[in-house]
Amino acid sequence: MNRVKPKTLPGFMELLPEDQILFNKMCDTIKNVYERFGFVPIDTPVLEYSEILLAKAGGETEKQIYRFSKGDNDISLRFDLTVPLARYTAEHYDQLIFPFKRYQISKVYRGERPQKGRFREFYQCDIDIIGNEKLDTIYEAEVPAVIYTVFRELDIGKFTIRINNRKILNGFFETLHTDVDVSEILRIIDKIDKIGIESMKKELLHLNIQEEEVMKILNFIQIQGSTQDVLDALQNLNGGETLKQGIKELCDVIQNLKKFGVDDAYYKIDLTIARGLDYYTGTVYETILDEYPKLGSICSGGRYDNLSEYYTDKVLPGVGISIGLTRLFSKLKEMGILQRKEKSLIKVLVIPFDEMRKSYALEVIKELRKAGIASDIYLQDRGFKQKLKYANRIGVPYVVILGEDEENKNEVTLKNMETGEQDSICLSKLLQMFMSEK
RNA sequence: GCGAGAUUGGUGAAGUGGUUAACACGGUGGAUUGUGGUUCCAUUAUUCAAGGGUUCGAUUCCCUUAUCUCGCCCCA
């Protein structure tokens with residue numbers, strides 16, 4: 001036999017059941033909050049025509065996309081959920097109800113070099129709110145309100161939603177005397193947390209920006225303090241319409257955040273947030289865990305003016321955000337923030353003592369399941385010790401033992417696996433106990 | 001795409017130019033067949049990524065290839 005060594009592709013996360021249970025719980029929490037805020041679910045194909053995904057033709061995207069042909073079709077794996085959403089919205093425009101609030105939790109694929117905390121297959125948990133021609137700016141505050149609720153409920157420690165506005169950045173850079181492309185500068189500014197202010201200064205000078213202008217940039221992005229301090233400082237800046245507009249939007253968002261009930265300890269204005277994706281045109285967000293800033297952004301997004309411009313004439317402004325769940329989960333695991341271990345989801349395991357007891361045991365499990373109690377039955381013919389050992393390993397809290405005595409008396413023995421206590425009771429009492437516990 | 005390092009069983013790993021490759025975890029079986037998580041015993045890699053070379057002899061030295069990890073780029 002020529003055996004193939006079992007192995008998974010690098011950059012593809014695979015979990016053991018106990019971790020998968022944890023992962024799914026996080027997923028459920030996120031989904032639950034999304035739905036509570038009125039987002040409807042959609043699902044799009046993993047594969048799309050390459051021309052759809054590459055319509056925008058950003059250089060990086062093309063390099064990282066998984067692309068292949070099958071017959072005459074040029075096909076690619078989706079690398080995010082926003083581009084498929086753009087296509088979806090354009091394609092089903094006439095059947096959608098706007099503002100269209102949808103969420104999607106799905107896997108995406110990026111063919112890049114895997115590294116720590118970067119995956120080639122990972123889950124994104126997206127929400128977007130898309131308007132038909134117009135979208136009120138108050139939605140730019142609702143999105144962080146959703147994120148605030150999600151991370152509060154995930155209970156993974158104190159976090160900060162950092163907020164900025166691309167119009168402020170663009171408006172500010174208009175006032176500079178330089179030919180350098182704004183996106184070049186933004187890219188460097190975005191890296192400040194990673195490389196520090198000195199390296200950033202060097203890189204800016206390296207772009208042939210005058211020292212005087214570089215100092216202006218540094219002074220600008222170092223505007224800090226309380227939300228009110230930053231807003232005041234911004235009001236004092238000289239600039240054109242774009243800057244003014246950006247500042248107004250930022251003020252609105254901050255005010256509305258309060259109305260949505262977001263605790264002001266959980267967000268702050270951060271002028272260094274730029275976001276690489278160039279489709280953002282207004283408010284942008286990034287979220288970090290306060291205790292683990294090195295982890296980087298666990299969730300980011302922003303406002304865009306025209307989602308589907310490559311697919312339709314309709315103007316569809318929107319705002320959205322995405323949680324990179326796979327990375328978040330793997331980091332949280334690595335740092336030991338997630339611990340609760342459950343190897344199994346069942347409440348009770350039914351163990352027939354011997355072969356003769358199987359039909360009685362099946363009778364009992366049928367009733368448990370009918371009553372909606374998550375339960376399982378051990379059906380392998382092995383020693384009784386082995387059966388209990390199995391129960392112990394899967395971590396089930398209760399075991400129901402069925403032997404000759406029990407069957408004769410029409411009872412069951414319920415054993416608490418933690419304390420070791422056990423008691424013989426009748427079936428209806430057993431059902432009652434678990435039903436009331438639910 | 002560029003740069004650096006690694007590659008020993010199911011996992012974490014120690015190790016050496018020379019007859020049987022530590023140790024730990026995990027797995028399996030057992031310690032008077034109606035009671036598990038502890039303990040004890042047994043067992044668990046003819047083989048050190050693949051191919052070639054040096055050598056009496058290589059898992060250990062050299063070369064090539066492959067793979068992986070970590071940076072850069074970019075990003076969740």
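Predicted model: local features only at pLDDT ≥ 70, side-chain atom pairs only at ≥ 80, totals over all residues.
Which hand does the crossing of H1 and H5 have?

Residues are numbered from 1 along each chain as its sequence is written, while chains are lettered from A and ligands numbered from 1 in the order in which they are written.

Chain A has 16 helices and 16 strands; these are DSSP runs numbered from the N terminus, helices being H or I with at least four residues and strands E with at least two. Along the principal axes, its C-alpha atoms fill a box of roughly 95 × 55 × 45 Å. Domain 1 covers 17–334 and domain 2 covers 348–437, with bounds that come from an automatic or database domain assignment. The centres of domain 1 and domain 2, taken over C-alpha atoms, are separated by 51 Å.

Let us turn to the helices. Two packed helices are described by the angle between their axes and the distance between the axes. Here the axes are lines fitted to C-alpha atoms over the stretch in contact, and angles run from 0 to 180 degrees between N-to-C directions.

Helix H1, residues 17–36, crosses H5 at roughly 145°, and the two axes come within 9 Å. To return to the opening question, the crossing of H1 and H5 is right-handed, meaning that the near helix is turned clockwise from the far one by less than a right angle. From H1, the contact involves Met26, Thr29, Ile30, Val33 and Tyr34; from H5, Val146, Thr149, Val150, Glu153 and Leu154. Residues are in contact if their C-beta atoms, placed from the backbone, lie within 7 Å.

Helix H5, residues 139–154, also packs with helix H11, residues 241–259, at about 50°, the axes being 8 Å apart. Glu140, Ala141, Pro144 and Ala145 in H5 meet Val253, Asn256 and Leu257 in H11.

Finally, consider Ile377 in strand E13, residues 375–377. Is Ile377 buried or exposed? Ile377 counts as buried because it has 20 C-beta neighbours inside 10 Å; the cut-offs are 20 or more for buried, 12 or fewer for exposed, and partly exposed in between. Beyond neighbours within four places in sequence, Ile377 is in contact with Val350, Ala361, Leu362 and Ile365.

Note on methods. Contact = placed C-beta atoms within 7 Å.
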